[in-house]
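Let's take a friendly walk through this model together. Have the sequence and the 3D view open side by side as you read.

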Amino acid sequence: MLIQTGGGLLDMCVLAALDREDLYGYRLTRQIKQVLDVSESALYPVLRRLKKDGLLETYDRETDGRNRRYYRMTEPGRRRLAEYKQEWETLSSQIDTILEGGKDI
């Protein structure tokens, strides 16, 4: 199972945010914080690991005289996100069944 209550969930959210657009670290952190309680210091090691795993790549862009590091999802990252989405659908359906008092899983 890829999605766990820890790292897998954060990985999935990072990849989902980057699926829509390339983002620099601070803006990515703000988006992730809208759904998960995560600090900037916790997010950067995740970004480094996802990059090392080939799921993300980076590039620098100068903005207002400062260099910003942007993160972009790679094709392997898109495939991993598709796996996460499929697993999330199954998991959320099973949880809904339990919460609604339905049949045993």
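Asp11 counts as buried, because its relative accessibility is 6%, under the 20% limit used for that class. This residue is found in helix α1 of what is a predicted model. Which residues does Asp11 touch, leaving aside its neighbours within four places in sequence? The contacts are Val46, Arg49, Leu50 and Tyr84.

One of these contacts deserves a second look. Asp11 and Arg49 meet through their side chains in a salt bridge, with 2.7 Å from N to O. The pair links distant parts of the chain, since Asp11 belongs to helix α1 (residues 7–20) and Arg49 to helix α3 (residues 40–52), 38 residues apart. The two partners fall into separate accessibility classes: Asp11 is buried at 6%, whereas Arg49 is partly exposed, with a relative accessible area of 33%.

Helix α1 takes part in another such link. Arg78 forms a salt bridge with Asp19, and the closest N and O atoms are 3.1 Å apart. Arg78 lies in helix α4 (residues 75–99) and Asp19 in helix α1, so this pair ties together parts that are 59 residues apart in sequence. Arg78 counts as partly exposed at 35% relative accessibility, and Asp19 is partly exposed with a relative accessible area of 35%.

The side chains of Arg69 and Asp60 meet in a salt bridge at 2.9 Å, N to O. Arg69 is partly exposed at 42%, and Asp60 is partly exposed at 41% relative accessibility. Salt bridges that share partners also join Asp19, Glu75 and Arg78 into one network. How many salt bridges does the count come to? The total is 8, and the table lists three of them.

| Salt bridge | N to O distance |
|---|---|
| Asp11 and Arg49 | 2.7 Å |
| Asp19 and Arg78 | 3.1 Å |
| Asp60 and Arg69 | 2.9 Å |

Strand β3 (residues 66–73) runs antiparallel to β2, and 8 bridges join the two. In general, strands of a sheet pair through backbone hydrogen bonds.

Thr63 stands opposite Arg66 in β3, and Asp60 stands opposite Arg69 in β3.

Is Thr74 buried or exposed? Thr74 is buried, with a relative accessible area of 13%. A polar atom of the Thr74 side chain lies 2.6 Å from the backbone oxygen of Gly54. Not counting residues up to four places away in sequence, Thr74 touches Gly54, Leu55, Leu56 and Glu57.

Finally, step back to the whole chain. Its secondary structure comes to 4 helices and 3 strands, following the pattern α-β-α-α-β-β-α along the sequence. Of the 105 residues in the chain, 33% are buried; Asp11 and Thr74 are examples of buried residues. Among contacts between residues at least 6 apart in sequence, 48% join residues at least 24 apart. The accessible surface of the chain comes to about 7,100 Å², and 45% of that area belongs to carbon and sulfur atoms.

Terms used. Residues are numbered from 1 along each chain as its sequence is written. This is a predicted model: local features need pLDDT of at least 70, side-chain atom pairs count only at pLDDT 80 or more; totals for chains, interfaces and linings use all residues. Side-chain values use heavy atoms; hydrogens and water are left out. Two strands pair if DSSP finds at least two bridges between them. A salt bridge is a side-chain nitrogen of Lys or Arg within 4 Å of a carboxyl oxygen of Asp or Glu. Buried means under 20% relative accessible area, exposed over 50%, partly exposed in between (1.4 Å probe, protein chains only). A polar contact is a pair of N or O atoms within 3.5 Å; within protein, one must be able to donate a hydrogen and the other to accept it, and residues adjacent in sequence count only if both atoms are side-chain atoms. Contact means heavy atoms within 4.5 Å. Accessible areas come from the Shrake-Rupley method with a 1.4 Å probe; for residues, only the protein chains shown count as cover.
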